[in-house]
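Here is a short walk through one protein model. Keep the sequence and the 3D view side by side as you read.

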Amino acid sequence: MIIRELDEVTTVEWGNGLSRRFLLESDGMGYSVTDTTVRAGTMARLEYRRHLEACYCIEGEGSVIDQAGNTYPLRPGVLYALDKHDPHCLVASPHSDLRLVCVFSPALRGDEQHRIDPEGFSQY
């Protein structure tokens with residue numbers, strides 16, 4: 001059994017916020033669980049070529065925008081899943097941070113960081 005508390009986990013500055021990585025590849029579960037904060041007023045163009053990702057909003061508001069330009073509001077209780085390695089934009093409201101619980105498959109190593117670029121998608 002694995003038991004972890006927030007103050008014990010690896011925290012990574014991922015580009016526009018923090019990713020607290022509760023489960024990693026080294027844990028042998030086959031997936032990762034993170035508690036991710038997206039800073040208020042930020043936008044990140046992201047693409048996961050190696051991972052599928054599902055994110056469940058637990059705090060704040062924002063939106064996720066798909067490659068076709070469709071915007072989907074995020075608020076507590078909303079989940080989005082990137083089931084096709086979808087390039088997307090993640091936007092946090094200007095008024096508050098956005099907080100997500102995210103599951104990655106396969107698991108993250110733990111040291112991945114985005115390089116936020118207004119011209120292209122950050123990938124890993």
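Where is Met 29 found? Met 29 sits in the loop that runs between strand S2 (17-23) and strand S3 (32-38). The model is a predicted one. Met 29 has a relative accessibility of 41%, so Met 29 counts as partly exposed.

Now follow the chain into S3. Six of the seven residues of S3 are buried, which leaves the strand mostly covered. S3 pairs with S2 in the antiparallel sense, through six bridges. In that pairing, Arg 20 has Asp 35 of S3 as its bridge partner. S3 also pairs with S10, again antiparallel, and here seven bridges join the strands. Thr 37 has its bridge partner in S10, namely Arg 99.

Next, turn to S6. Strand S6 (residues 62-66) runs antiparallel to strand S7 (residues 71-74), with four bridges between them. S6 also runs antiparallel to strand S9 (residues 88-92), and five bridges join that pair. The hairpin of S6 and S7 has four residues between the strands. In this hairpin, Gly 69 takes a positive phi near 95 degrees.

The aromatic rings come next. How many aromatic pairs does a search of the whole structure find? The search finds one. The ring centres of Tyr 48 and Phe 104 are 5.2 Å apart and their planes stand at 80 degrees, so this pair is edge-to-face. The pair links distant parts of the chain, 56 residues apart. Tyr 48 lies in the loop between strand S4 (43-47) and strand S5 (52-59), while Phe 104 belongs to strand S10 (residues 98-105). Both Tyr 48 and Phe 104 are buried.

Now the cysteines. A disulfide is a covalent bond between the sulfur atoms of two cysteines. The count of disulfides here is zero. The cut-off for a disulfide is 2.5 Å between the sulfur atoms. Cys 102 is buried, with a relative accessible area of 2%. Cys 89 is buried as well, at 12%.

Last, the charges. Side chains of opposite charge can pair when their charged atoms come close. The model has eight salt bridges. One of them joins Arg 4 to Asp 27, at 2.7 Å from N to O. Arg 4 is in the segment before strand S1 (10-13) and Asp 27 is in the loop between S2 and S3, 23 residues apart. Arg 4 is partly exposed, with a relative accessible area of 34%.

Another salt bridge joins Glu 13 to Arg 39, at 2.6 Å from N to O. Glu 13 lies in strand S1 and Arg 39 in the loop between S3 and S4, so the pair ties together parts 26 residues apart in sequence. Glu 13 is partly exposed at 34%, and Arg 39 is partly exposed at 33%.

Asp 83 and Lys 84 form a salt bridge too, with their closest N and O atoms 3.3 Å apart. Asp 83 counts as partly exposed at 48%, whereas Lys 84 counts as exposed at 61%.

Technical notes
Residues numbered from 1 in each chain as written. Predicted model: local features only at pLDDT ≥ 70, side-chain atom pairs only at ≥ 80, totals over all residues. Heavy atoms only, no water. Helix = DSSP H or I, 4+ residues; strand = E, 2+ residues; numbered from the N terminus. Buried < 20%, exposed > 50% of the residue type's maximum accessible area, 1.4 Å probe, protein only. Phe/Tyr/Trp six-rings, centres within 6.5 Å; stacked < 30°, edge-to-face > 60°. Pairing = 2+ DSSP bridges. Salt bridge = Lys/Arg side-chain N within 4 Å of Asp/Glu carboxyl O.
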